[in-house]
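Dear colleague,

I am handing over the structure below, and after it I set out what was found when I went through it. Please read the text with the structure open beside you.

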Amino acid sequence: MRIKTGISITKNAWNKMESIMKRSKNNTGFMFSAKSGGCNGFNFDLTLIDDDKLKDSKPMVLKNNKTKVYVDPLSEMYLLGTTIDYIYEDYSKGQFENKFIFKVDSQLLSSCGCGISFSPKKLI
């Protein structure tokens, strides 16, 4: 079995992030991190940030055109194997809202039904 070790972002997610940045007039980008909490131990967190949040850290940067996603260095090892996607409502599929979703590599992480809470698996 192959384990996916990077963090990836779908075209839909990049397009939505670019749209958010244009409307908010943000020129820095987003911070992707893991926060304590949720029903599974950690929550995914994707937040618009400004330059002040980057002063003392050296995060990994994912880039598409002018849009940047910074990966929190303290969270990076927990986020490996994650894909950030953006879905649009589709009543026929039971999707009743537009939202970012986080898909996990099931060999590295387990996720609950809400899609924003996860727990790392112990790899031996």
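Lysine 25 counts as exposed, because its relative accessibility is 71%, and its place is in the loop between helix H1 (11-24) and S2. Please keep in mind here, and for everything that follows, that this is a predicted model. The backbone of lysine 25 has a positive phi of about 60°, although this residue is not a glycine. A second residue with a positive phi that is not a glycine is asparagine 65, where the angle is about 55°. Asparagine 65 lies in the loop between strand S4 (60-64) and S5, and with a relative accessible area of 60% it is exposed as well, the cut-off for that class being over 50%.

As for the chain as a whole, it has two helices and nine strands, which follow one another from the N terminus in the order β-α-β-β-β-β-α-β-β-β-β. Of the 124 residues in the chain, 34% are buried. The chain exposes about 7900 Å², and carbon and sulfur atoms supply 51% of that area.

Strand S2 deserves a careful look. Six of its eight residues are buried, so S2 is largely enclosed by the rest of the structure. In general, the strands of a sheet pair through backbone hydrogen bonds, either parallel or antiparallel. S2 pairs with S3 in the antiparallel sense over eight bridges, and with strand S5 (residues 67-71) in the parallel sense over three bridges. Within the pairing with S5, phenylalanine 30 has valine 69 as its bridge partner.

Which residue of S3 stands opposite phenylalanine 32? It is leucine 46. Phenylalanine 32 itself has its place in strand S2, and it counts as buried because its relative accessibility is 0%, where the class requires a value under 20%. Leaving aside neighbours within four places in sequence, phenylalanine 32 is in contact with a number of residues, among them Phe44, Asp45 and Leu46, then Val69, Tyr70, Val71 and Asp72, and also Ile7, Leu79, Thr82, Ile84 and Phe102. One of these, valine 71, is 39 residues away from phenylalanine 32 in sequence, yet the two C-alpha atoms are 4.9 Å apart in space.

The elements that give two or more residues to its lining are strand S2 (29-36) and strand S3 (42-49), and the largest share, four residues, comes from S2. The lining consists of Met31, Ser33, Ala34, Lys35, Asp45, Thr47, Ile49, Lys53, Ser57, Asp72, Pro73 and Ser75. Sorted by class, these lining residues are four nonpolar, four polar and four charged. Asp45 and Asp72, which belong to this lining, are also among the contacts of phenylalanine 32.

Turning to another part of the chain, three strands form an open sheet in the order S1-S6-S7, and the pairing in this sheet is mixed. Strand S1 (8-9) and strand S7 (99-104) stand at the edges, each with a single partner strand, so one side of each is left without a neighbour in the sheet. Strand S6 (residues 82-87) pairs with S7 in the antiparallel sense over six bridges, and in this pairing isoleucine 87 stands opposite lysine 99 of S7.

Finally, there is glycine 6, which is found in the segment before S1. Is glycine 6 buried, exposed or partly exposed? At 33% relative accessibility it counts as partly exposed, because that class covers the values between the 20% and 50% cut-offs. Not counting residues up to four places away in sequence, glycine 6 touches Leu80, Gly81 and Thr82. Thr82 is also one of the contacts of phenylalanine 32. Glycine 6 and aspartate 105 are 99 residues apart in sequence, while their C-alpha atoms are 10.0 Å apart in space.

With best regards

Methods:
Residues are numbered from 1 along each chain as its sequence is written. This is a predicted model: local features need pLDDT of at least 70, side-chain atom pairs count only at pLDDT 80 or more; totals for chains, interfaces and linings use all residues. Side-chain values use heavy atoms; hydrogens and water are left out. On a 1 Å grid over the protein atoms alone, a cavity is a set of points where a 1.4 Å probe fits but cannot get out, and a pocket is an open set with protein on both sides within 12 Å along at least five of seven lines; lining residues have an atom within 4 Å of a point. Ala, Val, Leu, Ile, Met, Phe, Trp, Tyr, Cys and Pro count as nonpolar, Asp, Glu, Lys and Arg as charged, and the others, Gly among them, as polar. Buried means under 20% relative accessible area, exposed over 50%, partly exposed in between (1.4 Å probe, protein chains only). Two strands pair if DSSP finds at least two bridges between them. Accessible areas come from the Shrake-Rupley method with a 1.4 Å probe; for residues, only the protein chains shown count as cover. Contact means heavy atoms within 4.5 Å.
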